[in-house]
Amino acid sequence: MTGVDLPLILFLSLCGLGVALAIALPDRKSPLCIAGVGVMMSLLALWMGGAVLLSGTPFRTELWQVPHLGWLILEMDRISALFLCITALVYLPVSIFSAEYMKRYLGRYSLRSFGVFYHLLFASIVLVLLAGDVISLLVSWEAMSIASYLLVSYEHERDENTRASFLMLAMGEAGTLAAAVALFLLAGTSGALEFTALRAGPAEVSQTLRWVVFLLSFFGFGVKAGLVPVNSWLPRAHPVAPGNVSAILSAVILNLGLYGIIRVNGDLLPVAHTGQGIVALVVGSLSALIGILYATIENDMKRMLAHSSIENMGIVTAGFGAAFIFSTAGHPVLSGVAFIAALYHMMNHSLYKALLFLGASAVDSRVGGRSMDHLGGLMRRMPWTALCFLVGALSIAALPPFNGFVSEWLTLQVLLRSAEISSTGTKIVFALCGAGLALTAALAVTCFVKAFAMSFLGTARSQDATKATEVQRPMIISMATLALLCLLFGILPTYVIPVLDRVVTPLVRQSVVDDLVPPFMLLSGGKGRYSDGFVSEFHDLGAQIGQGVLPGRGLVVLHQGSAKNPVVFAMSTSYGAIVLLLLVGGSFLLIRRLTRARKVTVQPAWDGGLRRLPPEMTYTATGFSNPVRVIFRAVFRASSVAETREAIAEHFRTAIKDSSREVHIVDRAVFLPLVRATQWLTAWLGWMHSGRVNVYAAFVLITLLVFLLIHVLS
Amino acid sequence: MTKWIWRGIRTGIKTTSYPLSPELASGVSPGRPGGHQGGDKSRLVIERCPTGALHLTGDQIGVDYRRCVHCFRCQRGAHSGIGWQTGYEWGSREEARDDDRATLGGAFQRSLHIRVVDCGACGACLSEIEQTNKPYYNMHRLGFFITPTPRTADVLLLAGPLTEHMRHPLSSAYNAMPTPKRVIAVGTCALSGGPFGPSFASNAGVTEAVPVDVVVPGCPPPPLAIIHAMLLLVGRAAPSSLHSVGPTEGRVTP
Amino acid sequence: MTSPSNNMVVLSDLPEVARSRWSGKVTVSVDEGKRLVLVDCQPAALPEVCGWLFSSSYGFATVVIQEETAGWSLRYIFYGPQGSGLVHVTVGLPKDQPVVPSISLQVHAADWHEREAEDLFGLTFEGHPKLGDFVLHEEWPEGVNPMRLSFDSSRRYPHREPDTVWRPSPIVQSPGAFMMPIGPVYSDQSESAHFLLETVGEDVIRTILHLFYKYRGVEKIAEGSSVDRVLLLAERFSGTSAFAHSLAFCQAVEEIGGAVVPPRAQALRVLFAELERLRHHVAAIGGICNSTALAVATSQASILEEELLRLAGAATGHRYLFGLNLPGGLSLDLGGEECRRIAQSAQTIAGRLRELYEMLRFTNSFLDRVEEVGIVTREAATAYGLVGPVARASGLVRDIRKTLPYAFYDRLPSFSVPSEEDGDGWARLRILFQEAKQSAHIIHEVSSSLPEGPVCAPAPLRGGSALGWVEAPRGAAFHWVSVGESGHVTCYRVTTPSFTNWHGFHLAAEEFAFQDFPIILATFGLSNAESDR
């Protein structure tokens, strides 16, 4: 317990110091100070989270008692600790990045306010994660909402920024309201506001109440997580924030929505009905599909990354849904695996999304534009940024040996295990959602091939792109750190999964680590509960090389089938990375050796004999993703706004101008009808606002008469 | 689809057996003037040639095949009378820029990739080049293939008098080829500019823009001559001369 | 070239109508013998007159521009439907200010002629929306016009450094639209030309052409050359339709000199011209099968093509019929036996073509690729003045062998001109098959009714100008020859069917899938050498 007290106090005081310094120091010195304080706060948060995550001793402290409401409690269990570690892992590089990045706002906007809100945001996030009762959760949640709103609307002189951030705030508040209602309903059943009391709660909670709490909390916290159909704010708000804030929004704050979902529905009031799990699964799959579809056709880098965040949050939610279904169907091991897969994906997403956003911001700061149709050829001019962005793109496209592959593989494998569920309806839902997620994975590859290729490869498509230069060292270091983490989490999954398993054990009341990461290849043997048949499967694959000498576990395994007929799905990115290194390195050396005598000349690309190949003759981002636009036309329903054919006498056609506008499917299906209904309702109620004072006086009189009547009659 | 396969099988093999045995069918080559013992009419015959391919060497009419466009004016009409050579093995190395560039031997002998570049050709040379890829001549059996990109080409096959507008594309294509690379110039236009000659819009052949290794005169050279030139390039055939020497070279028609 | 015809109604109406509508602005004279109406017009009335002619279904043949000491003279030549003859609309311009109103808005077929004239002569066509960047490419020095008299055609002109920031001006201006460049060196084997396919990623929306990579300046080289030399140029600038172009040139020279070509020569000319047409059509059919990658059909057509080449080579000494035409007749006579052998071979080949057609007709995968691909509507074909099999496939039936009969065509029993309505690739292919069959039939007719006599008559050389025309395998070709008193050519203007049809190529290359591009190219079967001259 004391292990966390100290860093927490240091953390909060450092936050206060940071705020004070931000106010006191002149703007010139502010970026460095923000960065420094941010780094130190991240390290402290990492210490706090790491202590609880690895040692397992929970932390709890009671702050003070609010009259009639109860104690304000800060407590951290392993779930909070995991989220805290992820937050810190993202905040650290983002703070380093800010040291250079914030300099572009010198003279334009006040860096003081940025510093204040930045530190306050971090503190409020940590408090959300540490909240042990409903009140502190809601208070810190509001603080976090407001701080993030203020940061998103940092560049307030642009109209679209204020509109987007306002939408984010409004929808966020609506979500918070729903979540608050859910929490209070839950508190009503147990009579107290503390989480421990809610967890222990009455055994009998009616089905209706369970459903209401589930739906309210799921969609309420889902607003923050960016789930369909409440994600309209996300693609608008993320791109308009400053680069480092976008990274934090996508990589940290979206996770808080998931934190709320898992806290309420996994921990406080575990899901008891398969239907609730199905809701989560379906909503998650839909979000994933819709998110990636819109990401693929988007040409603005940051908006594309925002849509992609929706996709990844959808995948995590689908994982949660699968976990809920498995636990209600009586498969705790599978449920645990599903939770681990989802949490792993969430962690990976934070890392590579932050990396991608930082990369996009670096490009934006150098080129001055985010549209991929104006970039191009940046690989030669910004090699380090390109390399880090490439790592991020490979990770998000789920390619080994990076981290996205592990979590995506686990999620899809878990969904394939629907065969073990007895109900056919559920199996069908699982199959459809699995197919949807597979399609999502394929589209994600398309999307990020486009993103990387159009921005960094090829020829420069605009003057600005030809003048870009590499960014400064702090920005490169921050991106490289995240890239390295992506690689590490990809090639060492067998060290991450046991940690996640300990996070998940309280939720499913079973440890699944041995099922996922079996120890039988280790020095210490440890065959234990595995049959010879099962282990011999690995011998057939040749995985026994090094058995008995390996220091750590290398395989991630999903086992199915009986002892006589074991069917194993296995993946080892650790060994794979080693083999890949050997193959690539070996091939490289071999080719160098064989072609030593060859003369190599470099000539321009063969273009058919033209004098020059202007950028108009190279593929554009729109062109690359056009097939997707055409195939999924029914989803996009793009309307051609202006197609003018200027012609002078019928046969001389000189120009065809064609621009199309698209309205997001969620807006079309959910919001615009809602808005129209509201407008209709208010228009109908408008008759009350006649503007005449005597009518209003009459209303007051009638209301009074009604109350008197009620009082008399009751 | 089977009807097509059956049709192809029924048609049988039409391909010539050249170079294993000479092709004797009629109409495979226009032939070319073969020199003639000079006489009092020789000056009139020489004047009939519109491209200046005929000249007097001693008392014989010599033919510079780089300029002959097969107009038949020296053979028909009032002042005709010159020997006519049948045959089609017209490939020559005499215009090669670099004498010590060895023939493209080794693996290239039976596997050669060719990129055809049209430098302003009238269409007849290109049509004859196309015929080499068709059933009657089928150069695939000899290991010669046409590629669509100079990046994988070993040899450039050029036709046309090199119009000014094609100068840059030609050098671009030549530079895009990896070494070892060679050039075959096909047709009289590519050797001397043909009827279009050096002018403001075209040049006296492709030899001034790229180094040429093998040339095939003719207007157009028949497919067998083009195949002979390719075989010459890889050392599987013997070169012929670009100039005729006298009446011993061919039969004299009255 | 002239034949008695009772139907001169339209032609005889012309003078009155012209005089009444544009009185004071035009001077009309009629040459009954040549069935020619000469309309001398003032520049201001030019677009109206030409527009009226074009809308009265007169086809636009060519515009001849001559630079004289006193000024410029432009001659717009129109040819009418069957039996109507020719109309020449002439305009004179001052020497130092060669500005003439453009007729392209009324006669869209004149578009490329005017652009070419602007580039090569330096004339200004007022009202033309898109001049520049046509024949002479960007490295050509500014302000130098090759077709002017003052230009020395024998020396090479230094190139200038092209503008580095020049960009092609696109038609499609949607966001994210780009162009796919093709050429000038492209495909396995093709003539040099440059295409820009404008697209937004899926289908190609529009095509922009850049031709004249094979511009050899034939019309300029011909100036001041002897008729012999220009005959060689006329024959050789397009090797695959050499006989047809040399025939048109010889006919023009014969008309200038008043030569009478012997009937045997006329008949043999028809025989050779149809032999060339047959060979060209077989090659085009092979090209279409090749573009759809139907290998056996391609081989079948190629076998026939080589057999026709060998037939021509064995009979005349040259596979492509070079060196046959002379002003006054032919340079080679064929015996009746020889002609019958040719006719027999042609009939055999026509029979095998028929078999090929029957097989293609029922190959669905092949039809899928050529049907409804590259559609040119009849209205568009008429407005662009397309000629040849391409026009006939779109329902625009115009064949010079019928409307302006030349050589032996008027003495042949009547042959029908095939036409189709669909205007797609399959229609063009069907037309090729039908014309090939017809050519074999004509060869047979001619060989069985070959007149006796010499094959060459003396061709006196006088000063004068005349138009020669021919239905080349790809369509109508017009050669305008002016010979000076010294016997040298002073003006040589060639309008080829490929030039006319390339103009309309972009109509077929609109809104198609990229993979269909080679097929559309093959079904048009055009030649860049013929178009670029």
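User: Looking at chain A, how much area do domain 1 and domain 2 bury between them?
Analyst: In this predicted model, domain 1 of chain A and domain 2 of chain A bury about 1200 Å² between them, and 69% of that area is on carbon and sulfur atoms. On the side of domain 1 of chain A, the residues that lose the most area to domain 2 of chain A are Trp409(A), Arg417(A) and Thr494(A), which together make up 44% of what that side buries.

User: Where are the bounds of those two domains in chain A?
Analyst: Domain 1 of chain A covers 271-511, and domain 2 of chain A covers 518-575. The contact between them involves 16 residues of domain 1 of chain A and 13 residues of domain 2 of chain A.

User: And how many salt bridges or polar contacts go across?
Analyst: Between domain 1 of chain A and domain 2 of chain A the count is 0 salt bridges, while the rule finds 2 residue pairs in polar contact across that interface, both residues being at pLDDT 80 or more. The elements giving two or more residues to the side of domain 1 of chain A that touches domain 2 of chain A are α16 (403-416), α19 (473-491) and α20 (493-508) of chain A. The largest share of that side, 6 residues, comes from α16(A), and by class the side has 11 nonpolar, 3 polar and 2 charged residues.

User: OK, switching to chain C, what are its domains?
Analyst: Chain C is divided into domain 1 (14-126) and domain 2 (218-532), and the C-alpha centres of these two domains of chain C lie 27 Å apart. Their contact takes 28 residues from domain 1 of chain C and 22 residues from domain 2 of chain C.

User: What do those two bury, and which residues supply the area?
Analyst: Domain 1 of chain C and domain 2 of chain C bury about 2100 Å² between them, with 64% of it on carbon and sulfur atoms. Tyr79(C), His108(C) and Trp112(C) supply 28% of the area that domain 1 of chain C buries against domain 2 of chain C, which is more than any other three residues.

User: How many salt bridges there?
Analyst: The rule finds 1 salt bridge across the interface of domain 1 of chain C and domain 2 of chain C. The side chains of Glu116(C) and Arg493(C) meet in a salt bridge, at 3.6 Å from N to O. Across the interface of the two domains of chain C there are also 8 residue pairs in polar contact, with both residues at pLDDT 80 or more.

User: Which elements of domain 1 of chain C touch domain 2?
Analyst: Those giving two or more residues to that side are β3 (59-67), β4 (71-79), β5 (86-94) and α3 (111-121) of chain C. The largest share, 7 residues, comes from β3(C), and the residues of the side of domain 1 of chain C that touches domain 2 of chain C divide into 12 nonpolar, 11 polar and 5 charged.

User: Quick one on Ser241(C): buried or exposed?
Analyst: Ser241(C) counts as buried because its relative accessible area is 0%, and buried means under 20%. Ser241(C) is found in the loop between α5 (227-236) and α6 (242-257) of chain C. If its neighbours within four places in sequence are left aside, Ser241(C) is in contact with Glu276(C), Pro473(C), Arg474(C) and Glu530(C).

User: Now between chains, how much do chain C and chain B bury?
Analyst: The area buried between chain C and chain B is about 5700 Å², of which carbon and sulfur atoms give 57%. In chain C, Gln189(C), Arg310(C) and Met359(C) lose the most area to chain B, although together they account for 13% of what that side buries. The contact takes 74 residues from chain C and 63 residues from chain B.

User: How many salt bridges and polar contacts?
Analyst: Across the interface of chain C and chain B the rule finds 4 salt bridges, as well as 34 residue pairs in polar contact, both residues at pLDDT 80 or more. A salt bridge is formed by Lys134(B) with Glu305(C), whose closest N and O atoms are 3.5 Å apart.

User: And what about chain B with chain A?
Analyst: Chain B and chain A bury about 690 Å² between them, 54% of it on carbon and sulfur atoms. Arg151(B), His168(B) and Asn175(B) supply 54% of the area that chain B buries against chain A, more than any other three residues.

How values were computed:
Residues numbered from 1 in each chain as written. Chains lettered and ligands numbered in written order. Predicted model: local features only at pLDDT ≥ 70, side-chain atom pairs only at ≥ 80, totals over all residues. Heavy atoms only, no water. Domains from an automatic or database assignment. Contact = heavy atoms within 4.5 Å. Buried area = accessible area lost by both parts, 1.4 Å probe. Polar contact = N/O pair within 3.5 Å; in protein donor to acceptor, adjacent residues only side chain to side chain. Helix = DSSP H or I, 4+ residues; strand = E, 2+ residues; numbered from the N terminus. Nonpolar A, V, L, I, M, F, W, Y, C, P; charged D, E, K, R; others polar. Buried < 20%, exposed > 50% of the residue type's maximum accessible area, 1.4 Å probe, protein only.
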